Amino acid sequence: MAFDVDKGDEKAGARQGPTPGIVVREATGEDNDVLIALELESPLVMGDIEETYDRSPEFFACHRQKEAYRVVLCELDGRVAGVMAGVFQAPLIQGQRHKLVYVQQARVHQDFHGRRVAWNLANDL
């Protein structure tokens with residue numbers, strides 16, 4: 001999923017105040033273990049298929065291979081509720097440079113579905 005950050009369209013540029021009780025912040029190396037656990041507890045569900053990824057021992061390893069990336073996490077009710085990682089690119093489109101963010105990874109723990117976690121993560125990314 002990619003959004004044109006420069007356009008300011010509804011998906012990329014809309015900004016809503018944070019949802020009460022939600023804290024979104026930059027993920028750090030200190031979050032490694034809790035993010036690995038979140039990934040294991042939050043499988044991707046596609047129809048009858050579930051995919052679970054084990055990012056241990058280093059959650060951030062796959063992201064560091066990108067030139068420009070950002071990982072944000074969401075805390076709600078004192079727990080890590082979700083994570084989103086984006087890769088930033090600046091392709092030339094119709095002769096103009098555009099800043100795009102590609103959402104490389106997004107997880108929301110099932111206990112927090114329907115509580116605008118992904119929305120808050122995407123708006124911070």
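In this predicted model, helix α4, which spans residues 117-124, has as its buried residues Val 117, Asn 120, Leu 121 and Asn 123. Viewed down the axis of α4, these buried residues fall within an arc of 165°, so they line one face of the helix. An α-helix has 3.6 residues a turn, so residues three or four places apart point the same way. The cover over the buried residues of α4 includes the strands β2 (22-26), β5 (69-76), β6 (79-89) and β9 (100-108).

The setting of this helix is a protein whose secondary structure comes to four helices and nine strands, arranged along the sequence in the pattern β-α-β-α-β-β-α-β-β-β-β-β-α. Of the contacts in the protein with a separation of 6 or more, 59% are accounted for by residues 24 or more positions apart. Among the 125 residues of the protein, 34% count as buried, while the accessible surface comes to about 7,700 Å², with 49% of that area belonging to carbon and sulfur atoms.

How many aromatic pairs does a search of the whole structure find? The search finds one, formed by Phe 59 and Phe 60 in an edge-to-face arrangement, with 5.3 Å centre to centre and 85° between the planes. Both partners are listed below with their relative accessibility; each counts as buried because its value lies under 20%.

| Residue | Relative accessibility |
|---|---|
| Phe 59 | 0%, buried |
| Phe 60 | 7%, buried |

Methods. Residues are numbered from 1 along each chain as its sequence is written. This is a predicted model: local features need pLDDT of at least 70, side-chain atom pairs count only at pLDDT 80 or more; totals for chains, interfaces and linings use all residues. Side-chain values use heavy atoms; hydrogens and water are left out. Helices (H or I, at least four residues) and strands (E, at least two) are DSSP runs, numbered from the N terminus. Buried means under 20% relative accessible area, exposed over 50%, partly exposed in between (1.4 Å probe, protein chains only). Contact means heavy atoms within 4.5 Å. Accessible areas come from the Shrake-Rupley method with a 1.4 Å probe; for residues, only the protein chains shown count as cover. The arc is that of the directions from the helix axis to the C-beta atoms. Rings of Phe, Tyr and Trp (its six-membered ring) pair if their centres lie within 6.5 Å; planes under 30 degrees apart count as stacked, over 60 as edge-to-face and the rest as tilted.
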